[in-house]
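Please keep the model in view while reading.

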Amino acid sequence: MQASIIVAIGGALGSVLRFWVTIWLGPLSRGMPWSTIFVNVAGSFAIGLFGALTLASSRFPIPEIWRLAFMVGICGGFTTFSSFSLQTFELLRLGLPGRALLNIGLSVFACIAATALGYIAAQYINRA
């Protein structure tokens, strides 16, 4: 039960942070969902970095409950893959398949790359 509460609090924090980023990047996101792409890339980097930095064998090991709070709660509330799916569908529905493919490509490849970069950064920090 404690883990569920911690994850729920983290999820609320991540959701509010996502809301603020959406407002901040709103003016740039009129023709393309840049705020969603940014949130997904940043969240992917954060989960890769944090996940690797806080393993039991890493430089900054922390209890599993705090890993859950950040990775499942905050990152889960912050990243917006369901929004990505809806916005991609909307671009297709509006007859903009090029933008839909651009959204898919940027979101998927940039998020995987950001996760890898976060992981690599954590490995570097763990060795320092």
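The unreviewed UniProt entry places the feature "transmembrane region" at residues 34-56, 68-89 and 101-122; UniProt positions follow the numbering used here, feature names are shortened, and annotations may be inferred rather than shown by experiment. The model is predicted: local features need pLDDT of at least 70 and side-chain atom pairs count only at pLDDT 80 or more, while totals for chains, interfaces and linings use all residues. Residues are numbered from 1 along each chain as its sequence is written, and side-chain values use heavy atoms, with hydrogens and water left out.

The chain has five helices and zero strands, where helices (H or I, at least four residues) and strands (E, at least two) are DSSP runs numbered from the N terminus. Its C-alpha atoms fill a box of roughly 50 × 35 × 20 Å along the principal axes. Residues 34-56 are 87% helix and 0% strand, with end C-alpha atoms 35 Å apart. For residues 68-89 the figures are 91% helix and 0% strand, and the end C-alpha atoms lie 31 Å apart.

Helix α2 (residues 34-53) packs against helix α3 (residues 64-78) at an angle of about 170 degrees, with the axes 10 Å apart. Axes are lines fitted to C-alpha atoms, for helices over the stretch in contact, and angles run from 0 to 180 degrees between N-to-C directions. The two helices, α2 and α3, are therefore roughly antiparallel, a term for angles over 145 degrees. Contact (heavy atoms within 4.5 Å) involves V39, A42, G43, A46, I47, F50 and G51 of α2 and W66, R67, F70, M71, C75 and F78 of α3. These residues divide into 10 nonpolar, two polar and one charged; Ala, Val, Leu, Ile, Met, Phe, Trp, Tyr, Cys and Pro count as nonpolar, Asp, Glu, Lys and Arg as charged, and the others, Gly among them, as polar.

Which residues line the largest pocket? They are S29, R30, G31, M32, P33, S35, Q87, E90, L91 and L94. On a 1 Å grid over the protein atoms alone, a pocket is an open set of points where a 1.4 Å probe fits, with protein on both sides within 12 Å along at least five of seven lines; lining residues have an atom within 4 Å of a point. Helix α4 (residues 81-93) supplies the largest share of this lining, three residues.

Methods. Parallel < 35°, antiparallel > 145°, perpendicular 65-115°, else oblique.
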